[in-house]
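Student: Could we go through this protein together, one question at a time? I would like to learn how to read it.

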Amino acid sequence: MWDFIWNTRGYFFWLLVVSVFVFFLERLFPWRKEQKVMRKGIWQDFFFLVFNGHYLAIVISLATAWLLSKIAHFFQISWNPESVNLLSGAPIWVQAIVFLVFKDLVEWWIHRALHTFPWLWRFHKLHHSIHDMDWIGNFRFHWMEVVVYKTLSYLPLTILGVDGNVILIIAVIGTLIGHLNHANLRWDYGPLRHILNSPRFHVWHHDKVNHQPHGQNFAIFFSFWDWLFGTAYWPEQPEQPEALGFQGDEKYPQPLWKRMLP
């Protein structure tokens, strides 16, 4: 547990480094030149950056460890999923690749579920309240969404038993990709757009108009899940939506405390 907290502290340092890096990329290569740096909602997003990027993970990890120990004691369960360690003997680079691909697939399905089930969408819609896409929007999400991700991905990811440094590296890489995908950048990766997520691909996920019943482009790191499962949307023209958000977002609460309610 304390190793996790130590890695979280290290992750927060890299979160700041990645954030500054992508911020300057937006200044050098802005897609929407008219978009303001200090746009509406920026101060709330700074709160989400610090809270969701550092403190919330520690709180959830401590609460989860306590809860699991109580459940195990109550039901007299001796099995510990962390003891499975499917990849513990594999080389670090194998652990990293398997963990990245498997984690991304699990989170892709969770992300799709957040759009499919109304009781999950009520939390995820906070992320879709973004009207001006930029790097810091990557961390605008409800704390209950983090609980959902952590809960549903805990068992399948824990039994892999990867090295703690691998988890930290993948977390930093994931944050970089997430920042880039939300950034004000006109980037895609040419033929690799069928493999990797990009700002031009992800911006359509935030389109105010759904192009499929529950949305499109659920990719986090790899876009090929969307192409594989038929949820990809890639129009050549126009390059970006007319408006971002979700239907009915004009009624969505604006104060931070109301947005944080469960």
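Tutor: Gladly! Let us start with the aromatic rings: Phe 23, Phe 24, Trp 43, Phe 46 and Trp 135 form one aromatic cluster. Rings of Phe, Tyr and Trp (its six-membered ring) pair if their centres lie within 6.5 Å; planes under 30 degrees apart count as stacked, over 60 as edge-to-face and the rest as tilted. Keep in mind that this is a predicted model, where local features need pLDDT of at least 70 and side-chain atom pairs count only at pLDDT 80 or more, while totals for chains, interfaces and linings use all residues. Residues are numbered from 1 along each chain as its sequence is written, and side-chain values use heavy atoms, with hydrogens and water left out.

Student: Are the rings of Trp 43 and Phe 46 stacked, edge-to-face or tilted, and why?

Tutor: A pair of aromatic rings is described by the distance of the centres and the angle of the planes. The structure holds 20 aromatic pairs. For Trp 43 and Phe 46 the centres are 5.6 Å apart and the planes stand at 35°, so this pair is tilted.

Student: Which helix holds both Trp 43 and Phe 46?

Tutor: Helices (H or I, at least four residues) are DSSP runs, numbered from the N terminus. Trp 43 and Phe 46 are three residues apart, about one turn of the helix, and both lie in helix 2 (residues 42-75).

Student: Is Phe 201 buried or exposed?

Tutor: Buried means under 20% relative accessible area, exposed over 50%, and partly exposed in between (1.4 Å probe, protein chains only). Trp 43, at 63%, is exposed, and Phe 46, at 31%, is partly exposed. Phe 201 has a relative accessible area of 1%, so Phe 201 is buried.

Student: How many residues apart are Phe 201 and Trp 234?

Tutor: Phe 201 and Trp 234 form a stacked aromatic pair, 6.2 Å centre to centre with 25° between the planes. This pair links distant parts of the chain: Phe 201 is in helix 7 (residues 199-202) and Trp 234 is in the loop between helix 8 (224-229) and helix 9 (256-259), and they are 33 residues apart.

Student: Which side chain makes a polar contact with the side chain of His 127?

Tutor: His 127 sits in the loop between helix 4 (118-124) and helix 5 (143-158), and at 6% relative accessibility it counts as buried. A polar contact is a pair of N or O atoms within 3.5 Å; within protein, one must be able to donate a hydrogen and the other to accept it, and residues adjacent in sequence count only if both atoms are side-chain atoms. At 3.0 Å, the partner of His 127 is the side chain of His 182.

Student: What separates the C-alpha atoms of Ile 170 and Leu 100?

Tutor: Ile 170 lies in helix 6 and counts as buried at 6% relative accessibility. Leaving aside neighbours within four places in sequence, Ile 170 is in contact (heavy atoms within 4.5 Å) with Ala 96, Phe 99, Leu 100 and Lys 103. Ile 170 and Leu 100 are 70 residues apart along the chain, and their C-alpha atoms are separated by 6.6 Å.

How values were computed: Helix = DSSP H or I, 4+ residues; strand = E, 2+ residues; numbered from the N terminus.
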